[in-house]
Amino acid sequence: MASEQMNGAEMVIKSLVDQGVEVIFGYPGGAVLPIYDALFQQNNIEHILVRQEGGAVHAAEGYARSTGKIGVVLVTSGPGATNAVTGLTDALMDSIPIVCLTGQVPTHLIGNDAFQEADTTGITRPCTKHNYLVKDIGDLPRIMHEAFYVAQTGRPGPVVIDLPKDILQGKSDCYIPPEEVKHRSYRPQVDAEPSKIEQAVKLIAAAKRPIFYAGGGVINAGDRGSELLTRFVRKLGAPCTNTLMGLGSYPASDPQFVGMLGMHGTYEANLAMYNCDLMINIGARFDDRVTGRLDEFSPNSTKIHVDIDPSSINKNVMVDLPIIGDAARVLEAMMTAWDEGGYQLDQKALKAWWSQIEEWRAKDCLAYTQKGKLIKPQYAIQRLYELTKDRDTYITTEVGQHQMWAAQYFKFEEPKRWMTSGGLGTMGYGLPAAMGVQRAHRDSLVIDVAGEASILMNIQELSCIAQYNLPVKVFIVNNQWMGMVRQWQELLHGARYSESYSSSLPDFVKLAESFGMVGMRCEDAADLDGMIQEMIDTPRPVVFDCAVTQDENVFPMIPSGAAHYEMLLGPEDKAQKPISEEGMVLV
Amino acid sequence: MSPKETNIEKRTIAVLVDNEPGVLARVIGLFSGRGYNIESLTVSEVDQLKNFSRITVVTSGTPQILEQIKAQLERLVPVHRISDLTNEGPAVDRELALVKVAGAGEKRVESLRIADIFRARVVDSSHDHFVFEMTGKSDKLDVFIDLMQPLGLVDVSRTGVVAISRGPKGL
């Protein structure tokens, strides 16, 4: 049955409403004016006006990651779309469900180098999970609903819909609701084959030194993923480590949690990975930041890899038992099989394994010394954690040293509390992401842990934060350096600090005040707690400029091209182990 | 060093896709973006009603890379099915070439004689040229084209490999 007549723009809005969208992040322009006109005439969807399209995508990512819903973006043609590309790539790398609507010049002008024309589907093809160019209004409702299905089904990711202006203005009665749209081909496998589950529990039951290595896939599997992971790991009594993306999928204060692994992971997590005899990877992808040198990566272990994306299997590391499926469903099946089989781990072996891990843990690899007035960055972040841990807190970060310290010193007890750009490593991610998180959780404490360099990459979004009075707290760990670049230059390039000094920084206090926000600056360790508390208690957006010591490096560190056991624990370690030529070329 | 590069294999992969704009670009972009090889690639609609196209791609790599290629192809949204025709039982593969040879006298006669041996057909001719059409396995086409080289080879156009599995089962 035909629906009522409406134009393409109204159909877009109707589709969003039917998909349960309550907020979109966007920026208007010529090609999307019909959608903005339709937005103006309705009250179901709120629009958050960002200050640059890149901010819109990161905001939608923050919204999506902290809620488990799909983030929706609306930008115009040409530069609107090209500005969104970094955010789309970020969402693709970190598997975040995004639907991004881009305006396009009218169909008859496509290919004519029209004003604000760009080949958006061409440009975004490699940085989206899928994309569409709508050439016929009759396809519009199907494509809208398909995009939502594709974005969130299987391994989530960004989907672009390119909307020519004449399609938005054309009228039709072709609207159909979501339930009438079924995708022709895309049906990812979510349930594992039962025989693989059987094999997995048998491998686990036979393990003497097992470790769970859980990543973002557990978080993407919904709250149940984390619940089941926690229950299963506790039932077994085995150690569990998380990737950067997986932090919060297992409660960090649990004694079975050995911390984050990888390049800046804990000593105990990396050595446990190296020495384990069974690795159970749930929803992680053996990223190079996790594995270090591949031929020395956990050389003596049997590896189980649970992933919803078959292309993650055997991509970097060959595994013994691949299991394709949704992390939560696989964990549930494993637990059932475990219980039904009456299995138990070898308690004596497990005890020996734990005493070994405790020995590594006793190294206290994240220790640092805070003395005197000058604030160590680790201390700043640890105090921030201590003073916010009992609150309803969400953390976003930019990219660099502060990001790694936040990952090391914050203890995430539940999923969806930690939003960081893991795969792409996008500086400028944290501020707009925090906007999206705060919009989704208006009464929660949302903090962007930032560096003074990263924050300047999307600083324009302070204006957006001010407009909507989103009480985001921007905590700038200000060491006046692009700290991670400086660290690599120190370790790898003979301390030739080429272009990594943050010169001509703004006065962040005045900058905040110019947007009508609260600005604070802390330079003395004795003032830190009081000022952080004041920041927390301020019910408005705050920019907190925390001056920290300049020469601190992130440790532990597995230098690129090195193996897990070749970890540097502190500054005095580095002289003994020069970094290999092979390692130098790795990023 | 890793044993990479030492065990390079060649595979013919059939990919059944929705015949929609950009689908070929998606497949090609996947190969170029991830640094995989394409030795040949053909595409055409095969089912107008169901709107299916079939892509046949010949690629090479280590077994691990080849598995990656298949997994990456399979996760493209408009891809319905893929089949590794080299690995999944026997398959027939064929290629068509159009070969233009220009010349006169003994060389011209010789080219026709060889064409006959190879069962190539003449699809265009004048007093001083032939266009041969030839179908067969790629290496057979290679040999034919090599033989035409000294006889006045002017132009070659090849379709790339199309392939289908032997036996009664479809893709």
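The model is predicted, so to speak of local features takes pLDDT of at least 70 and side-chain atom pairs count only at pLDDT 80 or more, while totals for chains, interfaces and linings use all residues. Side-chain values use heavy atoms, without hydrogens or water, residues are numbered from 1 along each chain as its sequence is written, and chains are lettered from A and ligands numbered from 1 in the order written.

In terms of contact (heavy atoms within 4.5 Å), 17 residues of chain B meet 18 residues of chain A. Two salt bridges turn up across this interface, a salt bridge being a side-chain nitrogen of Lys or Arg within 4 Å of a carboxyl oxygen of Asp or Glu. One salt bridge pairs A:R184 with B:D18, whose closest N and O atoms sit 2.4 Å apart. As for secondary structure (DSSP runs, helices being H or I of at least four residues and strands E of at least two, numbered from the N terminus), α1 (23–33), α2 (63–74) and β4 (79–84) of chain B each supply at least two residues of the side touching chain A. The top contributor is α2(B), with 4 residues.

Over in chain A, all 9 of the 9 residues of helix α16 (residues 401–409) are buried, so the helix is largely enclosed by the rest of the structure; buried means under 20% relative accessible area (1.4 Å probe, protein chains only). Among them are A:W405 and A:Y409.

Key. Buried < 20%, exposed > 50% of the residue type's maximum accessible area, 1.4 Å probe, protein only.
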